[in-house]
Amino acid sequence: VTELTESTCDVLIIGAGPAGLMLATWMARCGINARIIDKRSTKIFCGQADGLQIRSLEIFDSFGFADRAVKEANHLLEFCMWNPGSDGVIRRSDRIPDVMVGLSRFTEIVLHQGRIERFFLDHIKKHSNDSIRVERGVIPETLSFNEEILDDHSQDSYPISVKLRYLTEEEATPAQSKGSATRDGLFRSNLAEDDTDELIRKSKEKDGTSELVRAKYDVGCDGAHSWTRKQLGFQLEGEPTDFIWGVLADIIPITDFPDIRMRTAVHSASSGSLMVIPRESKLVRLYIQLIEVKPDASGRADRSKITPEVIIKAAQKIIAPYSLTYEYCDWWTAYQIGQRVGTNFDYRSRVFLAGDAVHTHSPKAGQGMNVSMQDAYNLGWKLGLVAKGIAKPDILKTYQSERRRIAQDLIDFDHKFSRLFSGRPAKDILDETGVSMSEFKEAFVKGNLFATGLSVDYGASMLVAKDGDAADQGDGTKVSTTNPTKVVCRQDLATNIRLGMRFPSFKVLNHADARPWHFQTKLKSDGRFRLIVFAGNVLSPVQKSRLDGFCKFLDSSSFIRPHLHKHIAILTLHSSKRMETELQRDFPEVLHPFDAHTGWDYDSVFVDDESYHEGHGEAYKGYGVDKETGCVVITRPDQYVGFIGSLDEDGRAGVEEYFKGVFV
Ligand code: FAD
């Protein structure tokens, strides 16, 4: 007999990989009644992703735990390329910076995924008062909807029903491949079949415990084989390729190869390619092309033919004449490159898919975990604000319109990068079937900005007041998400703060205590929009009266006033001489509000001026804002720029219209 209990929650997250954990983090920060389940019994014990790109680190920083990652990780600073010379022997042909110089205060780092998950779990625990915990060994069995109330987003409407089943410890522990002494991560690789249906079937055959959860929203973060995606009948489109790669993950290598502590790509003349990713604690991860393992007639490689011995032998051939063995191997895996993207990212703004559930590709460019977390980062605050009844449900439509395009770009990028990486190097310019090494370098340099995650540029919607009528969903169809009031936006007032892109960072000083800060660090991921007032030169009487007028408008707008500080935080950056200005005298109270319990806010007004020890950040110049007249910028809770306007009448009207398009 199966016991059945019933419960309700606002957001149910299926899958606790990087995407699910990022979403749960937002739920904790927004104070949402959320649950997160995973079919596995433990958090990740071996492997998978390790590369953290710049944008992910900026996001971690906005939650407050980037420092933990930066401290523990290995830092990748140089990318080396090794190619065969005319004698067929490999030699170092180039060295370039791993990421372009000057993009961010962060660079690329690598760290065990288990540690990254730990940072998330600690943060979720702290901010949810331990109310959101990953429930492990739990699997969804059925998903259904009450169609009649699907469009009713009111507080007591729970249109989704998910039946959960609790697994035993044994069922929830993934099987390991037979005969190998070292742990393998094959159960998570695309060479393994998904075991979800099998787990459900087995569990149904015996007595057990089930639970019927009624939820407002459901998010499938359940990886490449996504059960949730299958329930919705959505497809992943794309094809596997013939390229099979093995991963010796996380070995202590013994080698005379000189670049073993650099991120390195080695193209051998005829034995395939190899990628070196140096890791923390003297570990190294090797991605090794297995040219001798071929897919069968079904197009799939036989995973039983792949062992750590097969992988290291392939590596030795590629890296010859250098020697390569290892003493210690933490785990290993293998995968077949395939690039696929989901047809749909949501079902009627009620069920969403994020991460590998909607895009899969090769791991070598270190993108999967990053883009997966960034999907959830895009969705989480929107769900949080809608579930609390603060924002209009329509903003949920921007999840697909914003993220599907990124997934498509990712697939295109990976397609190009993997082909160049897995291809045989050209012998000379007449060798048309070979890959030209200058083309490989060019693709790496061009793809570099994309890979950092900083080139993301969201289209027009009620959240991004760009010109344009409707946002392209990335599949040619358009979703009409544009603010119908057509907010007038002034990109020309802040030429380097691009609408639709993340707010960039320059050093500024806290006005009250003269301490330098990267300005972006003040845009915390706490679920609030930011109104960034570039106050200009407040010592000029004309500008001072403009600023006073703007602040008066904020205080008097019956629409904005109730949201101020609660859902809209204000940051000010002025350009007058710090030593000639006074916080209390020159800046209206709304810019540094007083609270009966915590006193005056000393962390909201900043100045673009010389610091004692770190020079002048030249932030106004960097942002492309006029030092006399300033402007106002709205960033969304995820730091993307939604609106730019003047501090005058037209800008004030624009600010009000923008928020009318977002808040209920
Ligand atoms: P997953 O990490 O797959 O998580 C899905 C979770 O859902 C799992 O915990 C799973 O147990 C659970 N689940 C699945 N089905 C169910 C179900 N029915 N019920 C309940 N729970 C379920 N990416 C990078 O960015 N950088 C890298 O350096 C990198 N290296 C990689 C190296 C290797 C060898 C591999 C294989 C991948 C690598 N990736 C890398 C890709 C990265 O691991 C994935 O893109 C990322 O983990 C996707 O995150 P996710 O949360 O969407 O899915």
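Analyst: A polar contact is a pair of N or O atoms within 3.5 Å, one of them able to donate a hydrogen and the other able to accept it. In this predicted model, the side chain of H359 makes such a contact with the side chain of D375, at 2.7 Å.

User: Where does H359 lie, and is H359 buried or exposed?

Analyst: Buried means under 20% relative accessible area. H359 has a value of 0% and is therefore buried; its place is in strand β20, residues 359–360. Setting aside neighbours within four places in sequence, the residues in contact with H359 include L236, R340, V341, D375 and I411. I411 is 52 residues away from H359 along the chain, yet their C-alpha atoms are separated by 7.6 Å.

User: Which side chains make polar contacts with the side chain of R263?

Analyst: The side chain of R263 makes a polar contact with that of D98 at 2.8 Å, and another with that of E108 at 3.2 Å. R263 lies in strand β14, residues 263–267, and because its relative accessible area is 7%, R263 counts as buried.

User: What covers the buried residues of α11?

Analyst: The cover includes the strands β25 (529–536), β26 (568–574) and β30 (631–635), together with the helices α12 (583–586) and α14 (649–662). Among the buried residues of α11 are L547, F550, F553 and L554, but also K544 and R546. The 16 residues of α11 (541–556) reach 22 Å from first C-alpha to last, close to the 22 Å expected.

User: How many residues line the second largest pocket, and of which classes are they?

Analyst: Rolling a probe the size of a water molecule over the atoms shows where empty space is left. The second largest pocket holds about 410 Å³ of space and is lined by 16 residues, with G102, L103, L454, R502 and P504 nearest its centre. By class, six of the lining residues are nonpolar, six polar and four charged.

Technical notes. Residues numbered from 1 in each chain as written. Predicted model: local features only at pLDDT ≥ 70, side-chain atom pairs only at ≥ 80, totals over all residues. Heavy atoms only, no water. 1 Å grid on protein atoms, 1.4 Å probe; cavity = no way out; pocket = protein on both sides within 12 Å on 5 of 7 lines; lining within 4 Å. Points joined across faces, edges and corners; volume = space filled by probe spheres on them. Nonpolar A, V, L, I, M, F, W, Y, C, P; charged D, E, K, R; others polar. Helix = DSSP H or I, 4+ residues; strand = E, 2+ residues; numbered from the N terminus. Expected span 1.5 Å × (residues − 1). Buried < 20%, exposed > 50% of the residue type's maximum accessible area, 1.4 Å probe, protein only. Contact = heavy atoms within 4.5 Å.
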